[in-house]
Amino acid sequence: MQEGDKGKKELKFRKLKASEIDVRVAQCSEKGVSLLLYKDARVDMRILDETVGALNWQKEYKRDNQNCVVSIWDESKQAWISKEDTGTESNTEKEKGLASDSFKRACFNWGIGRELYSAPFIWVGADKADIKTNPKTKKPACYDKFVVRGIDYNEDGEISFLEIVNLTKKKGAYRHGKQK
């Protein structure tokens, strides 16, 4: 916690490290792919543990895992302070995906990983991604593995530098801004 206005303690979560950010293909065409940045629930748990302590936060699921409430103990108020959000099912494991998504969204409400909302549109041309035709759907598909190699943030906590590599092709795929 950091001192805020009028001497009140303000809860401040650190920004995500490059190794904590996952990348997935959002859309694919013959010309290339657009990518999305995301975090997984383990990252949220680790950041909660290191920031407030493992015994000072809790989660509770409501409405058949559609909603997750993340509560943090406020010592000065002697009370649990809660933030809640709703998730969506995943395409693979519906119930687990729903619970995980609602938890991650509740953590976004606390500010964990909120900087991902400032990510630029990420386009990787077909020269840097292996575009194939999916035999079932006959549509373009990309199964390459992309990772964030580097990331920096400006004073407002927005992404100011982003570098993504294509591990499958073993080459750089995307670069935005200048590294500090």
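Reader: Which residue of E7 stands opposite Asp 74?

Author: Asp 74 faces Ala 79 in E7. A word on the source: this is a predicted model, where local features need pLDDT of at least 70, side-chain atom pairs count only at pLDDT 80 or more, and totals for chains, interfaces and linings use all residues. Residues are numbered from 1 along each chain as its sequence is written, and side-chain values use heavy atoms, with hydrogens and water left out.

Reader: What makes E6 and E7 a pair?

Author: Strands pair if DSSP finds at least two bridges between them. E6 (residues 67–74) and E7 have eight bridges in the antiparallel sense, so they meet that definition. Strands are DSSP runs of E with at least two residues, helices are runs of H or I with at least four, and both are numbered from the N terminus.

Reader: Why are E5 and E7 called edge strands?

Author: In the open sheet the order is E5-E6-E7, with antiparallel pairing. E5 (57–62) and E7 (79–86) each pair on one side only.

Reader: What is the bridge partner of Gly 150 in E12?

Author: That partner is Glu 163.

Reader: Why is E11 called mostly covered?

Author: Six of the eight residues in E11 (146–153) are buried. Buried means under 20% relative accessible area, exposed over 50%, and partly exposed in between (1.4 Å probe, protein chains only).
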